[in-house]
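The structure comes first, and the notes follow.

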Amino acid sequence: MIQSPVHDWLAAHGAKWSRHPGLAAHVGEPSAERVACAELAWCDLSALPKLGLKGDRSADWLAGQGIAVPGARYETGPLSDGGLIARTDAHEFFLHSGPGASVVPKLDDLLRASPVSNPLHVERSDAVFALLGRRADQVLLETCGLNPRPRKLPLGHVVMTRVAGVSCALLPETFTNTTGYRVWLDPTLAVSLWESVEEIVRDLGGSVVGAGCVYPVLTPG
Amino acid sequence: MSGRLPQRAGEWIDRSKPVEFRFEGQAFRGFSGDTISTALWASGVRLLGRSFKYHRPRGIFSLANHDVSVLVEGGGRTNIRADIEPIAPGMDVKAVNTSGGLWSDRLRFTETFSKFMPVGFYYKAFHRPRWLFPIAERAMRRVAGLGKISPSSVFGHSPKRYDFCDVLVVGTGPAGLSAAVAAAEQGLDVLLVDEQPRIGGSLLYQHVGAGRELMEKVAALPNVRVLTGTTATGYYADHWVALVDSRKLTKLRAGAVVVATGVHEQPSVFHGNDIPGVMLGSAAQRLIHLYAVQPMRRGVVLACGADGYRVALDLHGAGVEVAALADLRVGGEPGDIGKRVLEAGIPVHRGHCVYEAHRAGDKPSLGAVVLAKLNEQNEPDAQRTVKIDCDGLAVSVGYAPAGALLYQAGAKFGYESAVEQLIPRTLPSGVFAAGRVNGVYAPEEKIADGRRAGLEAAKFLGKEVADPARWNRRASEGDLEGGTSGGPTHPYPVYAHRQGKNFIDLDEDLHLADFVNAHQEGFDNIELMKRYSTVGMGASQGKHANMLAVRVLAKLNGATVDQTGTTTSRPFYHPVPLGHLAGRRFHPLRRTPMHALHERAGAHFMHVGAWLRPEYYQVGHQSREESIFAEAKNVRDHVGLIDVGTLGKIQVCGPEAAAFLERLYTGRFTTQKVGLGRYALALDESGVVIDDGLVGRFAEDMFYVTTTTSASDAMYREMQRWALIWKMKVLLANATGRLTAVNLVGPASRSVLAGLTDIDLTPASFPYLAVRRGMVCGVAARVMRVGFVGELGYEIHFRADAGVHVWRALIDAGRRAGIRPFGVEAQRLLRLEKGHLIVSQDTDALTNPIEAGLEFALGKGKDFYVGQRSLEILRKQELMRKLVGFTLPADFKGPWPEECHLVIENGRIAGRVTSFARRSNVGQPIGLAFVTPDRAAPGTRFSIRVEGGKMIEATVAKLPFYDPQGVRQKP
């Protein structure tokens, strides 16, 4: 029942869906995707579970659930299911599960059942994309005014910026076999961003790949 | 290819790749690496273009990207600079601004009337009678001009690009290369740009063979990036530099900038100085060294320094018979290079200028030059002349700094008499100048000056550099050009001639007399002179003209160059294609999750702010109006489903959430019961209506607020602002994008929803204006009973990524009940029938709730809400207008009123129509309009001025038009 904002685009381009609902394992040939992933690729991770928390009790609540909470604003950390947690403000967190998809659903259920408004349960349907490969910076240079050099955009941090005119959170990240950026954004702008970046990626010789490139455990279901 | 020289080291052409192309309908051949101009010149073609105004013949002049009289068009592009555009197989181009072709251009006779076209003639002529000027203007535009844009040409997008570096070095001559190496050796990320296709600058054609070591160093340094074919066209604050190449504009942010842009070689002003064959010395050298093209067969050189002698030797080496070298200096060239010229057998005429250039008979090319002896006042003696037959003249009389970027950065220039050139006296922080733009000319000095600039840039960026100034070389301090007598630039290479046509600005066909005339008319300031004469306003932006204009004006005013000043240099330094400026278009549009489903259902979309929303759904061949009415009627009769995911959705929580909302909105929320929703009206501090929506209370400290589509971000910002100002304990979360919503509405809506939710929908359990949480189609949702369109309805809010699933499920479940989707226009009609206004459509930036009939939403007895105090003041004032409903007769046939048509009373504007529908479920045309209060009573008639100025009569009606008791929305 959960669907990525770019589900139709992926379906129209021959996506092979993984066992995780709505997540494309591959969009092209896996071997070609691996090459693209190392060079330049664009990938949709939107269907993995997400969750937001807000309020000055959020950090303690998360810690109480065994989550390693990032200590400072705009820092990120790993989740046990392969996902990550980002501290987007002093009392605001965003969690994105990995392929295990175990952490966020559990926390989501707990928060939904909670009668209190602090921490505030923030249902998230953000689009999440990944810009992958050695030449990912070239795409950023055509779409975003940030300097992508490592010392300006360090790993383990989240940066609020605009990509192709769309407000985004940008997370430099090391993925399996490659590096790149995770991009979070309002899902209502997802198709616009997806199409703009996809065109640039294609112009630069890259391609769209499935989430199997980022998470090899994801195989076609 | 009669003019092609034997192969030489460093040439840019690839002789193994011949290229065939067409120019003016004729086939030509060149080599890969040739430009259009060089390939044609090598083929013996001398007439390459026509001038802007007089259509005079023009050929190669600078070969440095500034030959704007040689513009061509073809392949859908126009104003292509032939001096730098590479030839390509199959290329088919022709000169711009001709009538009947380049060689037989009918407009060349324009020059015959040049006496009637002095500078600024169009400011004075053809203005009376008044009807004449448009005709004259069209004629002038037809005769004078550049290429024509082809509207049918289709081009791909031009990428937008950002870039970053520690040190930007502009220019890859010896100074630029040296600066880049010095900065890079400090570990900095250096970007080196040059407008030419290869690095080296003047090392490639003027001091051939020198500086190889520097070029190799640059290639070996991994932290130096090189962009050739790239022009730094504009400097903006904080070292933001616009870089333009053939494909795109790059916005570069540098830590520091080294400007080593060199100089523009300057022409000499004499009669006929634009005839094809007359060219700058550097152009002749470029032809020889870069393209292996013999510039002329029998030539003359005009010189004022060692560079001119170097040109003569280069021509001699290229097999040109150098018939004479005219040296403007009486003393000639004393150094070694002077001796070498004499040894080569080149006759040197000291203290001579070129006084005239003549065409070769009727041919549009040079046939001879006349040298004249100069007197002590630097004036030619027309009685002491010598005529020399030649087909080429290389002019080497000096330079002007390519200082545009420095000017734009805020550098202050001053005139340095040692080099007869303006040089930067003070530079802004983080900007450095090096090389010839800095007045430094000797090759070794340029390298040292570049090193100094590169080290200063490194020091500016925090590197520990010991005394970069030790490398300092300024024009006034050092040896200018190893043995040269005087500087490389002549202070006034301008020679009057009784027949004129001694051009200062070749772009605009301005000759010396134009400046004298303008000065006589009182334009004695350089900025005024520029605007009146248009000097420097052509496509080359005065690169060969501006400094000459300053010198001429200085002389006319009896002033110095410093006193005369220069015109303001603004970006762009070089023309930039508009497509580059537009770049790739990023116009993000917001789409709801159900967008694709709407497309498949035949939706016609409309823009609502940043959103795309279904306006209506096309069914069969129904017209727009029929479709909208059918959708609305289906809601009244059965059930409809509308995507309202665009509504603002804001969570407001915390112990003071109710008190916060009560201050923000006009209504009461502290008394609101959990499980109920309330209409919410927001005002600004002046009492103007800015938004409305619904506030649902889901727990004592949890509210869920909707806003209008276009105001969601603004209201969220308002909430954040007020929460900070009031220091209230509230948590705000904008859920507009991550949640979506649909409105299931119509008499059958309850039965459709009942099978899909665990919420008890019975009226007693879930009455009108109640709000509930529960599962809908298996998805956690907030459900609110609302009555915007006046029927039983459920507004369902849920996570956006379940939008497709929920929409499909509702449509499937409602099929038997006759469900169909309805769009924004049907919703507008339905709410109009109910007399509900839409904020920002039926209100404007001045509308207060009293005028809009929203007083019911103002909480009575409240201590405070935003805008309350202003409303109290407004209440004491006379009401100026009132929003009312109106009808037209059921059999009204038009002309129809439209939104924003004016209400007219006694010939004066008394209001306007805000909403209107020709066809409605109440059987007659209805609308909303602002009228004066005395016309607001039901039954009152008023006039609306419709399209074409016709007046129609409307009648004020009581609101709502439909279901006045509201029974349909409250079952």
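## Where the chains meet

This is a predicted model. In it, 43 residues of chain B are in contact with 44 residues of chain A.

## Charges and polar contacts

Eight salt bridges are counted between chain B and chain A. In one salt bridge, the side chain of Asp8(A) meets that of Arg600(B) at 2.6 Å, N to O. The count of residue pairs in polar contact between the chains is 23.

Several elements of chain B each supply at least two residues to the side that touches chain A, among them helix 16 (595-600), strand 36 (731-734) and helix 21 (803-814). The largest share, seven residues, comes from strand 8 of chain B. By type, the residues on this side of chain B divide into 22 nonpolar, seven polar and 14 charged.

## Helix 10 of chain B

Strand 8 (160-170) turns up again here: the buried residues of helix 10 of chain B pack against this strand, helix 4 (174-184), strand 13 (249-259) and strand 26 (431-433) of chain B. The buried residues of helix 10 include Glu445(B), Ala448(B), Arg452(B) and Leu455(B).

Helix 10 of chain B covers residues 443-460, 18 residues in total, and reaches 26 Å from its first C-alpha to its last, close to the 26 Å expected. Gly462(B), with a positive phi near 100°, follows this helix.

Conventions:
Residues are numbered from 1 along each chain as its sequence is written. Chains are lettered from A and ligands numbered from 1 in the order in which they are written. This is a predicted model: local features need pLDDT of at least 70, side-chain atom pairs count only at pLDDT 80 or more; totals for chains, interfaces and linings use all residues. Side-chain values use heavy atoms; hydrogens and water are left out. Helices (H or I, at least four residues) and strands (E, at least two) are DSSP runs, numbered from the N terminus. The expected span of a helix is 1.5 Å times one less than its number of residues. Buried means under 20% relative accessible area, exposed over 50%, partly exposed in between (1.4 Å probe, protein chains only). Contact means heavy atoms within 4.5 Å. A salt bridge is a side-chain nitrogen of Lys or Arg within 4 Å of a carboxyl oxygen of Asp or Glu. A polar contact is a pair of N or O atoms within 3.5 Å; within protein, one must be able to donate a hydrogen and the other to accept it, and residues adjacent in sequence count only if both atoms are side-chain atoms. Ala, Val, Leu, Ile, Met, Phe, Trp, Tyr, Cys and Pro count as nonpolar, Asp, Glu, Lys and Arg as charged, and the others, Gly among them, as polar.
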